[in-house]
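What follows is a short walk through one protein model, from the whole chain down to single residues. Keep the sequence and the structure in view while reading.

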Amino acid sequence: MSTTPVNEPIVLPCAGADAILLGAARRYADRVALRDGETTLTYAELLDLARRVAGGLRERGVVPGEVVALHMPNTLWFIVAYYGALLAGAGVAPVNPTQPTDALERQLREVSAAVVFTHPVCAGRLEGAPAAARIVISVPESDAAPAPVLGSAPAYPPLTELLESRPLRDVRADPESVAHYQLTGGTTGRSKAVRVLHRNLVANVAQMAAARGGHRVALDDGGLAIEPIAGVFTGQHLQPKGQFLAVAPFFHGLGLVNHNINVLFGATVTVFGRFDPDLDLAEAERRRVTFVNGSPAMFYALLRSPELGRRDLTSVRLITSGSAPLDTTSLDALARAFPCASVQEGYGLSEATLGVCVGHPGPMPPGTVGRALPNTDLEVRGPEGAPLPTGTVGELWVRGPQVTDGYQDHPELTALQFRDGWLDTGDLARIDDDGYVFLVGRSKDIVIYKGYNVYPQPLEDLLCRHPDVAQAAVVGRPDPDAGEVPVAFVVLTSEAVGGDDLVDELSAHIAHSVAPYQRVRELHVVPSLPVTPTGKILKSELRARLVPHAPTD
């Protein structure tokens, strides 16, 4: 088993997230920070543009503590506006650019956005919400995010006006202020804005730098710098000055927090506006990508791509999957496809900034999402809140510097989920004697069959071990006799031949490996599973297919 000290305590710098870019611009000034088609920005140029955006916001009356919303697809201008807002002392609210106008307006009001940066491809959705912000700024189109082919976007003041402003210098972010508001829950319920403080973000970036990068982080003349940890850093960690493809949306923590980690390590980030598995693999070969990060939906698509076996992917040293569980069969397939990479799952949630657990190079138990990050405590608790014995399944609770400040303007929800410095994740897990964490599902997704708890994740993993199954999801269907019965939805591989015989075979495949109460009572073959933009399976939608007016999450 690996001796890598994934969760040994580290010293956390006291700084705002602006120090991440300031340090990178000093250490990697002439290195390309962002590539968007044929347009590139070095780290020095990125800092200069961000300072000009910050100056322009201040000239327009934006004061520290106000909220700047980023309403655009992945583009290098997203990152310019993001760091510009941080340097101005504003809190950033990244919002999904594809959501309808009414949902967008609710989110902008939820965070009291004073400014919105938008893009021609989605600016039209702002027209129905004119009172949501006092300033709207349109960023230019780019190769990653071209303007719409048909129709015209509303004429908002262009970003170029801000870039003519005097750069704002020598203003530092307060570590106790909000860095960004991570909007969560908008797809399955009322949207809530998680208050991610600067100190939360810096802590989580430093934790990830140690656990996934083998480097410690410290302040150096006002900017953050990294230094390899002796005896820890290997060729299968996050590599300084590496190459990365930004596929996960920046409006989600998976994309945004990981970008801050990439900046800390001086990576060159190639921005993709829309995920295309064939193009992604070709670009990974062309750019000699060193780090691949994404959601299960992305990795399933990569594994189905005919380009996978045609590309030289030996430059990749680290692959990490987050946002939702990835079955062990697919993890093994990724390890074969990327022969020089360490393939790891991680676990986290918006309420903990991003990361809680990560894997490490070397052997790990199958099915684990790794061990706790440095400076992070985990407990598995029972229904009454008491800690359970090692190896017992219960709700996972987290305590650490990445645990956020709660929900904006929702004190009752904050008090319910954040207690005495601990965060109730709502996820079910067990922890073994070596500290490895194994997820078994969400507490709200447990299927209660005749009083027995049936956990979806082990059944989904078992289904995906069948050679004809590409993806699987298990939910509960109400039943008058049993309470609930487990029902599976599966997506077949391209080579599989469907039909009743295969359905029977898959049902038997489960039945032979589990206790009688865990058997799947129905199995539906579907062309795809409904997912959020970040790859989480929408189980509420699957339940709704089984029962009219089924409750949503």
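**From the whole protein to single residues**

In this predicted model, the secondary structure of the protein amounts to 14 helices and 27 strands. The radius of gyration is 23 Å, close to the 24 Å that the globule rule gives for 553 residues, so the protein is as compact as a globular protein of that length. Taken along the principal axes, the box filled by the C-alpha atoms is roughly 70 × 55 × 50 Å.

Of the 553 residues, 60% are buried. Among the contacts with a separation of 6 or more, 67% are between residues 24 or more positions apart. The accessible surface of the protein is about 21,800 Å², and carbon and sulfur atoms hold 51% of that surface.

Which residues of helix α4 are buried? In this helix, which spans residues 101-110, they are Ala103, Leu104, Gln107, Leu108 and Glu110. These residues cover an arc of only 155° around the axis, which puts them on the same side of α4. An α-helix has 3.6 residues a turn, so residues three or four places apart point the same way. The cover over the buried residues of α4 includes strands β3 (67-71), β4 (91-95), β5 (113-118), β7 (178-184) and β8 (192-197). After α4 comes Ser112, which has a positive phi, near 55°.

Is Val269 buried or exposed? With a relative accessible area of 1%, Val269 is buried, because buried means under 20%. Apart from neighbours within four places in sequence, the contacts of Val269 are Ala33, Leu34, Arg35, Phe244, Ala246, His259 and Asn262. Ile431 is 162 residues from Val269 along the chain, and the C-alpha atoms of these two residues are 35 Å apart.

Along the chain, Arg274 and Pro73 are 201 residues apart, while 8.5 Å separates their C-alpha atoms.

Notes. Residues are numbered from 1 along each chain as its sequence is written. This is a predicted model: local features need pLDDT of at least 70, side-chain atom pairs count only at pLDDT 80 or more; totals for chains, interfaces and linings use all residues. Side-chain values use heavy atoms; hydrogens and water are left out. Buried means under 20% relative accessible area, exposed over 50%, partly exposed in between (1.4 Å probe, protein chains only). Helices (H or I, at least four residues) and strands (E, at least two) are DSSP runs, numbered from the N terminus. The arc is that of the directions from the helix axis to the C-beta atoms. Contact means heavy atoms within 4.5 Å. The radius of gyration is taken over C-alpha atoms; the globule rule is 2.2 Å times the number of residues to the power 0.38. Accessible areas come from the Shrake-Rupley method with a 1.4 Å probe; for residues, only the protein chains shown count as cover.
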